[in-house]
Amino acid sequence: MQNSQTDYKEQAPTPLTGAAETDLLQGLSVQFGIPFQTELPAGNLRVDFTKKIPIQYLKKQIMIPLETPDGAFIAVNDPSNFQALDDLRHILGWENAEVVLSTHSAILSAINLAYDQGSGSAEEFIQDMAEESPDSIISEIEETADLLDDTSDAPVIKLVNLMLSRAVKDRASDIHIEPYQSSLSVRYRIDGVLYNALNLPKRIQSSLTSRIKVMAKLNIAEKRLPQDGRINIKIGDRSVDIRVSVIPIAFGERVVMRLLDKTDTTFKLIDLGIDEERSKSFNDLIRSPYGIVLVTGPTGSGKTTTLYAALSTINHPEINIITIEDPIEYQIEGIGQIQVNPKIGLTFASGLRSIVRQDPDVILVGEIRDLETAEIAIQSSLTGHLVFSTLHTNDAASAVTRLIDMGIESFLVTSSVIAIIAQRLVRTLCPECREAYEPDDKSLAKIGIDRDMLKDRKIYRKRGCPACMNTGYRGRTAIFEMMLLDDHLKKLILKTSDANQILRDAVRSGMTTLLQDGTRKVLEGITTIEEVFRVTRI
């Protein structure tokens with residue numbers, strides 16, 4: 001156990017997985033007379049052993065000591081590994097602890113969870129931290145593949161690792177580090193809403209910012225200009241890409257980190273929250289031979305995820321798909337993705353010109369920001385390409401007005417754009433603690449529900465429990481407004497670009513608005529009246 005840590009990182013043989021591993025372990029269970037457990041307990045664990053046993057040792061031996069209120073036991077994957085088992089028992093003083101068999105993945109997950117829970121608190125690290133110069137921080141940093149494997153003693157490194165691992169565990173999409181006159185605040189954005197996570201002393205601000213800037217390969221000496229960088233980390237079995245933005249403000253440097261969990265990047269239309277009827281229309285749209293499909297909404301409303309789901313659905317070897325994005329958020333196998341780089345002249349417009357010469361069938365333009373990009377996208381659609389892109393507008397009808405305001409002729413809009421989809425993200429109620437109630441008439445009227453619509457239906461409200469961090473919500477889903485440009489709407493757009501009139505005619509033609517789609521999700525018990533009202537801002 002006193003060997004250097006590099007000994008623990010030797011390459012182990014590839015483990016069996018799935019049914020083959022289960023069958024083998026069930027046979028070994030009978031042979032050795034050891035019980036077999038497919039799942040290991042995740043709650044109410046004591047993790048004192050994390051201070052005595054290096055995580056790399058347990059990962060190499062594929063075993064973990066677990067202490068629950070019902071007793072202590074050691075889970076192993078190989079019951080014939082007697083030497084390591086005896087060493088572990090001796091170090092912990094668990095001479096009579098029961099041994100159970102479990103799968104490779106279950107043991108590794110339990111190891112990661114235990115060391116995450118046993119990594120200490122922010123307060124402990126802050127107490128250990130004195131003013132450290134950037135030079136001393138740099139000399140102590142050596143990047144590791146997994147944050148949980150990081151054994152550095154530097155408190156600032158432990159604090160940053162704790163912040164990142166807690167953010168991933170809490171499903172945060174962003175971390176905000178905000179300096180004020182006499183304090184330093186850390187906030188997490190979870191399901192689209194910011195929550196206070198830590199209040200840190202002002203004296204550690206310089207050390208904390210320098211550590212993050214070094215990880216993102218930024219210039220720690222430059223504190224007067226904004227900087228952008230990127231960090232790739234692993235936390236247990238999860239791979240996370242972090243976009244870092246640093247800007248100077250009155251009381252120091254403000255840091256915002258956008259977390260993108262790359263572990264599960266399967267994008268499916270069924271997961272978006274589109275109802276069955278409009279799902280068929282959407283499937284037809286994304287298989288159109290040419291035209292432009294626009295997705296609109298504010299920043300963080302899930303536009304990119306919707307477009308990735310569309311591309312993943314039509315991604316086949318016989319179709320050539322090329323994207324130009326700023327930045328590339330997720331890599332999709334089988335799709336050519338270009339990163340915008342204005343410093344070398346690679347803009348949406350210049351990149352789009354080159355893409356057209358690559359014989360594409362489908363093109364994704366991350367965002368139409370100016371007239372030049374809009375003109376090239378329209379020309380591409382008119383020459384037989386299907387183009388997906390995004391716009392920042394409040395609703396579907398406003399996208400038409402925005403294009404015409406940019407300088408696009410109305411006849412080009414009607415001949416190229418085939419559909420405009422507006423969307424928002426609403427938080428979904430926690431299934432563990434949501435409760436049914438009778439809302440008052442004013443609340444119902446606010447989102448267009450009358451009492452007749454409540455027959456055989458229940459409306460739920462948030463409550464709060466440990467499973468949802470006492471917020472009452474867990475996860476998010478989208479509400480949609482899908483405006484198909486039929487002949488009637490095209491004739492109207494040729495006459496006027498008034499968004500209100502276009503919206504009224506689209507609704508008469510059967511379009512479901514954002515508010516109506518939100519109402520449907522309230523009646524289905526997915527979200528709350530307050531949440532729909534918050535994102536639609538009626």
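Select Tyr 330 to begin: at 14% relative accessibility, Tyr 330 counts as buried (under 20% relative accessible area, with a 1.4 Å probe and protein chains only). This is a predicted model, where local features need pLDDT of at least 70, side-chain atom pairs count only at pLDDT 80 or more, and totals for chains, interfaces and linings use all residues. Residues are numbered from 1 along each chain as its sequence is written, and side-chain values use heavy atoms, leaving out hydrogens and water.

How far apart are the ring centres of Tyr 308 and Tyr 330? They are 6.1 Å apart with planes at 75°, so the pair is edge-to-face (centres within 6.5 Å, planes over 60 degrees apart). Tyr 308 sits in helix H10 (residues 303-314); helices are DSSP runs of H or I, at least four residues, numbered from the N terminus.

Next, select helix H7, residues 155-169. Val 156, Leu 159 and Met 163 are among the buried ones. Just after H7, click on Arg 171, which takes a positive phi of about 65°.

Last stop: Ile 502. Leaving aside neighbours within four places in sequence, Ile 502 is in contact (heavy atoms within 4.5 Å) with residues including Ala 397, Val 400 and Met 483.

How values were computed: Helices (H or I, at least four residues) and strands (E, at least two) are DSSP runs, numbered from the N terminus. The expected span of a helix is 1.5 Å times one less than its number of residues. Buried means under 20% relative accessible area, exposed over 50%, partly exposed in between (1.4 Å probe, protein chains only). Rings of Phe, Tyr and Trp (its six-membered ring) pair if their centres lie within 6.5 Å; planes under 30 degrees apart count as stacked, over 60 as edge-to-face and the rest as tilted.
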